[in-house]
Amino acid sequence: MANENLYLGCHVSMSGPDYYLGSVKEALSYEANTFMFYTGAPQNTIRLPLERLKIAEGRALIKENGLDESKIVVHAPYIINIANQLNVDNYEMGKRHLLNEIQRTYAFGPKILVLHPGSHVSTGVENGIDSIVKALNEVLDQDGTDVKIALETMAGKGSEMGTSFEQFKEIISKLNKPERVGICLDTCHINDNDFDVSDMDSILDEFDKVLGLDKLLVVHVNDTKNPRGAHKDRHENIGYGYLGFETLNKVVHHPRLQGIPMILETPYYEGNPPYKKEIEMFRKQSFKDWR
């Protein structure tokens, strides 16, 4: 019997000529009932006007197929770094672009925007927290939408922020609008940051104690090329990495995570997207060696 409270999908592209309509079609071709996309290239701030992106056609297809628009996710571009104020131009650009991405997300219909917390760039964790808080307060005070920002758990490379639940708690506790910010939990990232993903009960207990499970907005479901604690962040196809299918299947079907969008960001294999096969494995709860 299908789990009607399982929202399982993947990252999809958005490119011409169909743009958002094409994104929805791609997700449906994988038999996904949610998906994640960028509103433009993740590496830069160049954005096409909304009126060119076939948003109305995409939303109509979502409705036609019974997808819950509130479970669809947008990912903010990597270029945004609001954790460091030393480079004033980059910091101001990050705030402007984040505000723009929130408002673009609202125009598409989703209610969740995933954001990498950024890097403090050797200024220290507390300075990173202060920078993130200042930026989020400025941006959210200007924004009038109901889109929530999901700060993503990171692998701990270099001076990355977002490496502990306590960091997120301190950030959220200092916000003017804490109700507008939650967390995206990435299985590859937390493994690489030395969490034991095979013991998801303990991770969720800690998350609930520090932040409250209502703050968990998205789960990125990724296997990893790295052993626990490697601090490298290299995604692997489901069942072919150090986490393995059994562990990730338990995450996807964990009773405390039902109703939360689950998004695959696994790499293409020999130039082809793996998502239809990976989604099918999770729905059947059975690993199939497809490579």
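Modeller: Residues are numbered from 1 along each chain as its sequence is written. In this predicted model, local features need pLDDT of at least 70 and side-chain atom pairs count only at pLDDT 80 or more, while totals for chains, interfaces and linings use all residues, and side-chain values use heavy atoms, without hydrogens and water.

Biologist: Which residues have the most contacts inside the largest nonpolar core?

Modeller: A nonpolar core is a set of buried Ala, Val, Leu, Ile, Met, Phe, Trp, Tyr and Cys residues joined through side-chain atoms within 4.5 Å. Buried means under 20% relative accessible area (1.4 Å probe, protein chains only). The largest such core has 78 residues, and those with the most contacts inside it are Y20, F35, L98 and L136.

Biologist: Which helix gives the largest share of this core?

Modeller: Helices are DSSP runs of H or I with at least four residues, numbered from the N terminus. The largest share amounts to seven residues, and its source is helix 4 (residues 125–142).

Biologist: Is N191 buried or exposed?

Modeller: N191 belongs to helix 6 (residues 187–192). Beyond its neighbours within four places in sequence, N191 is in contact (heavy atoms within 4.5 Å) with residues including V197, T224 and L243. Because its relative accessible area is 5%, N191 is buried.

Biologist: How many residues in the second, separate core, which includes V73?

Modeller: In soluble globular proteins, nonpolar side chains tend to be buried together. The second core is separate and has I112, C184 and V218 among its members. Its number of residues is nine.

Note on methods. Buried means under 20% relative accessible area, exposed over 50%, partly exposed in between (1.4 Å probe, protein chains only). Helices (H or I, at least four residues) and strands (E, at least two) are DSSP runs, numbered from the N terminus.
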